[in-house]
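Subject: Structure for you to look at

Hello,

Here is the structure I said I would pass on. Please open it first, then read the notes below it.

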Amino acid sequence: MATDTSASPVICPNCSASTTGRFCANCGAPVQGALCSGCGAPLTAGAKFCHRCGTPAGTAPAHGAQNTGFAAALPWAVAGIALVALISLVAAQHFNGRSIAAAPQSQASSLAAPGPGGSAGVGAPIPAPDISNLSPRERADRLYDLVMTLDSQGKTDSVQFFAQMAVAAYQMLPTQDADSHYDLGRIAEVAGVPALALAQADTILQSDSTHLLGLILAAQSERALGHASQAKQYQTRFLAALPGEERKNLIEYQRHRNDIEAAAADARKTAASQKTGGRE
C-alpha cells in the first residue's frame with residue numbers, strides 16, 4: 001500500500017499520526033482519495049469498512065475472485081427496481097390500483113395482503129403500489145418497510161429477493177444521512193450480510209460517535225459476526241448516550257422509536273446479566 005511522499009502530510013482521523021497518500025502508513029486507515037478494493041466506491045476518511053459493500057478498508061483486491069452475494073446481485077437489483085416501477089405504473093394505469101392477480105407465484109402468493117383488522121389475508125395477492133411518482137428516497141423507504149415486514153413474518157425467501165432491490169435503491173440515493181445508512185444496515189442485517197451492516201454503523205459513528213442508531217446497528221452487527229465482547233461494548237456506549245440523545249428528538253429517532261426501545265431493553269438486560277455473573 002504505497003504512499004505518495006510528494007503530497008502534503010495530513011493527520012489520520014483514526015490514529016492521529018501524520019501521513020501522506022491515500023492510506024495511513026501507521027494504521028492503514030483511509031485518509032484522502034482512497035477507494036474501496038471491493039467495489040471502487042470512495043472511502044470516508046478513517047472508515048473501517050466500505051459503506052457501499054462492507055469490504056474492510058485497505059483490503060487488497062482479490063484478483064480473479066468472483067463477487068458473491070449483494071455485490072454480484074446489484075446489477076440485477078437495479079434492473080429489478082426499474083422493472084418493479086414499470087409494473088407498478090402499468091398496473092396503476094390499467095387496473096386502477098387493483099391487485100395483480102397474475103403476479104409471479106413465488107412472490108404474490110407468499111406475500112399475503114393485510115386483511116380486516118390488520119391480519120394477513122389468506123392467499124390474497126399483493127395490491128400493486130403505484131411508486132411511479134415517488135422520489136428516490138420514498139421508493140427506498142417503501143422497500144425498507146416491505147423488507148422489515150417480510151422479516152417479521154419469517155418469509156426468508158422474499159426477504160432475500162426484495163433486500164437486493166432495497167440495497168440498490170439506497171445505494172443509488174443522491175445523498176445519504178444517518179437514517180438512510182441505518183435503513184441500509186438493517187436491510188443487510190436481516191438479509192444475513194452483517195459486514196455490510198457494520199459498515200453502515202461505522203459510517204454513522206464516524207460522523208456522530210453517540211448516535212443511537214449507529215450504536216444499535218454496530219452492536220447487532222458485531223453480535224451477528226460472533227463478536228460478543230464488541231457487541232457488549234457498543235451496548236454500554238448506547239446506554240451511556242441514551243439520555244442525552246433522546247433529548248435531541250431527532251427525526252430518525254422518532255421514526256425508529258421501536259428499535260431504540262427494544263435495543264434499550266436488550267442492553268439493560270445484558271448489563272444486569274453481567275452484574276449477576278450471567279445468572280438470571
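The 19 residues of α10 should span 27 Å at 1.5 Å a residue, and the C-alpha atoms at its ends are 27 Å apart, which agrees. The expected span is 1.5 Å times one less than the number of residues in the helix. Helices here are DSSP runs (H or I, at least four residues), numbered from the N terminus.

This is a predicted model, in which local features need pLDDT of at least 70 and side-chain atom pairs count only at pLDDT 80 or more, while totals for chains, interfaces and linings use all residues. Residues are numbered from 1 along each chain as its sequence is written, and side-chain values use heavy atoms, without hydrogens and water.

Buried in α10 are Ile260, Ala263, Ala264, Ala267 and Thr270 (buried means under 20% relative accessible area, exposed over 50%, with a 1.4 Å probe and protein chains only). Seen down the helix axis, the buried residues of α10 fall within an arc of 130°, taken from the directions from the axis to the C-beta atoms, so they line one face. Asn258 and Lys269, on the other side of α10, are exposed. The cover over the buried residues includes α7, α8 and α9 (251–255).

Ile260 also belongs to the largest nonpolar core, which has 46 residues. Such a core is a set of buried Ala, Val, Leu, Ile, Met, Phe, Trp, Tyr and Cys residues joined through side-chain atoms within 4.5 Å. Val147, Ile187, Phe238 and Ile260 have the most contacts inside this core. Its largest share, eight residues, comes from α4.

Regards

Methods: Helix = DSSP H or I, 4+ residues; strand = E, 2+ residues; numbered from the N terminus. Contact = heavy atoms within 4.5 Å.
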